[in-house]
Amino acid sequence: MPDLPSSSTPPIRSRLPRLCMLAAAALAIGLAGCSSSSKYYDPAKSNRTETGFRNNYAQPERASFWKWQWERITQGLPRPPANHYQFPVVKPDLAWIKANRKAPSVTWIGHATALLQIGGQNVLTDPMFSERASPFSFIGPRRKVPLPVQIAELPHIDVVVISHNHYDHLDRASVEKLNLQPGGPPLFLVPLGLREWFNDIGITNVREMDWWDKISLGSLDIYFVPAAHWSARGLFDRSETLWGGWVFQNLKVPATTETPVAEQSEPYSVYFAGDTGYSKDFRDIGERFGRFDLALIPIGAYAPRWFMQNQHVDPAQAVLIHEDVRARRSIGIHWGTFELADEALDEPPQKLAEALKEAKLPADQFITLKHGETLKLEE
């Protein structure tokens with residue numbers, strides 16, 4: 001889709017192809033509610049219903065997708081950012097990243113994709129390296145900022161975590177490439193219901209997890225935790241697979257002959273929120289884990305609020321999550337890469353700064369990174 005002029009709203013006629021495409025998407029979303037009885041149904045589990053998974057806490061009724069799309073078409077939304085999509089992109093210091101197995105670090109690749117180095121593990125969150133966040137190569141949200149790094153340039157990835165199955169978070173081409181990386185496939189940690197999808201495309205090194213499940217890899221403990229969202233990948237599978245966030249706790253262990261003191265990584269804890277609306281889940285997470293050294297929290301795709309409030313937090317709510325999970329420092333993700341909602345692509349950091357000021361929090365307590373930028377977390 002061509003970029004819109006910033007000075008005027010295009011006539012409806014010029015946007016008819018987009019209207020047709022969105023009509024098909026609306027039909028898919030409407031039909032997705034017609035799921036059959038869930039094989040995960042368990043009356044003892046509050047998040048497992050007969051028709052699929054559900055959030056822990058009730059949310060307002062879903063608003064009209066059609067009304068939202070009509071507003072976008074008639075008002076020419078989203079409008080281009082002031083920088084005309086010229087976002088700064090940094091080439092990561094790949095030599096340092098590949099050599100690093102001790103110091104905690106995070107590199108924001110774009111959207112919800114981050115390379116997290118913690119506990120001697122290279123962890124990749126929601127890998128999305130394709131041109132479009134879509135099941136099709138010719139329609140759907142297109143990448144607005146070039147990738148700062150390709151999969152082939154990354155260090156060997158030990159673990160991939162998936163928050164849920166939406167196309168901007170679970171990209172088939174990306175996970176297939178990672179599965180074929182030199183040195184062997186990573187371990188894919190996925191929500192309940194997604195192992196079969198991975199197996200069907202030839203990826204077998206997969207572990208499904210329910211909320212609060214834990215897996216330990218050396219000194220690194222990884223937990224799957226709740227979020228307020230939903231899932232669907234086709235016409236009839238709404239909420240048939242789970243969604244959530246991830247917690248990483250690196251616990252320092254005594255040195256051994258295999259891992260001498262000089263190579264021991266320091267204790268560090270990270271929370272990756274994935275994709276979510278706001279709920280009491282975050283206070284639950286904060287109470288369960290006590291605190292986090294770092295949180296990766298979404299700040300984009302929030303407008304209009306009447307439609308997006310159930311599924312995407314705005315920057316002010318992202319600040320609430322930062323406080324709820326008791327993070328020492330947070331980084332804003334899920335912005336600046338794909339146009340998924342109505343705010344301009346460069347607006348989220350501006351709104352985040354306003355929200356921090358309103359909350360009387362230091363600006364450096366919740367920051368954003370350039371695409372490709374690495375933050376060395378021991379600094």
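Reader: Between which two elements of the model is the place of Pro304?
Author: In this predicted model, the peptide bond that runs from Ala303 to Pro304 is cis, with omega near 0°. As for its place in the chain, Pro304 sits in the loop between strand S13 (294-298) and helix H7 (305-308).

Reader: Where is Pro78 found, and what is the omega of the peptide bond from Leu77 to Pro78?
Author: Pro78 belongs to the loop that lies between helix H2 (65-75) and helix H3 (94-99).

Reader: How are H8 and H9 oriented to each other, and why?
Author: The axes of helix H8 (residues 315-324) and helix H9 (residues 347-358) come within 8 Å and cross at roughly 55°, and the crossing is right-handed. An angle between 35 and 65 degrees counts as oblique, and H8 and H9 are therefore described as oblique.

Reader: Which residues of H8 and H9 meet, and how many of the residues in the contact are charged?
Author: From H8, the residues Pro315, Ala316 and Val319 meet Pro348, Lys351, Leu352, Ala355 and Leu356 of H9. Divided by class, the residues of this contact are seven nonpolar and no polar, while the number that are charged is one.

Reader: How many cavities of 30 Å³ or more are there, and how much space lies in the largest?
Author: When the whole structure is searched, three cavities of 30 Å³ or more are found. The space in the largest cavity comes to about 80 Å³.

Reader: What classes of residue line the largest cavity, and which residues are the closest to its centre?
Author: The lining of the largest cavity has eight nonpolar, four polar and two charged residues. Of the 14 residues that line this cavity, the closest to its centre are Ala301, Phe338, Leu340, Glu343 and Leu345.

Note on methods:
Residues numbered from 1 in each chain as written. Predicted model: local features only at pLDDT ≥ 70, side-chain atom pairs only at ≥ 80, totals over all residues. Heavy atoms only, no water. 1 Å grid on protein atoms, 1.4 Å probe; cavity = no way out; pocket = protein on both sides within 12 Å on 5 of 7 lines; lining within 4 Å. Points joined across faces, edges and corners; volume = space filled by probe spheres on them. Nonpolar A, V, L, I, M, F, W, Y, C, P; charged D, E, K, R; others polar. Axes fitted to C-alpha atoms, helices over the stretch in contact; angles between N-to-C directions. Helix = DSSP H or I, 4+ residues; strand = E, 2+ residues; numbered from the N terminus. Parallel < 35°, antiparallel > 145°, perpendicular 65-115°, else oblique. Left-handed = near helix turned anticlockwise from the far one by under 90°. Contact = heavy atoms within 4.5 Å.
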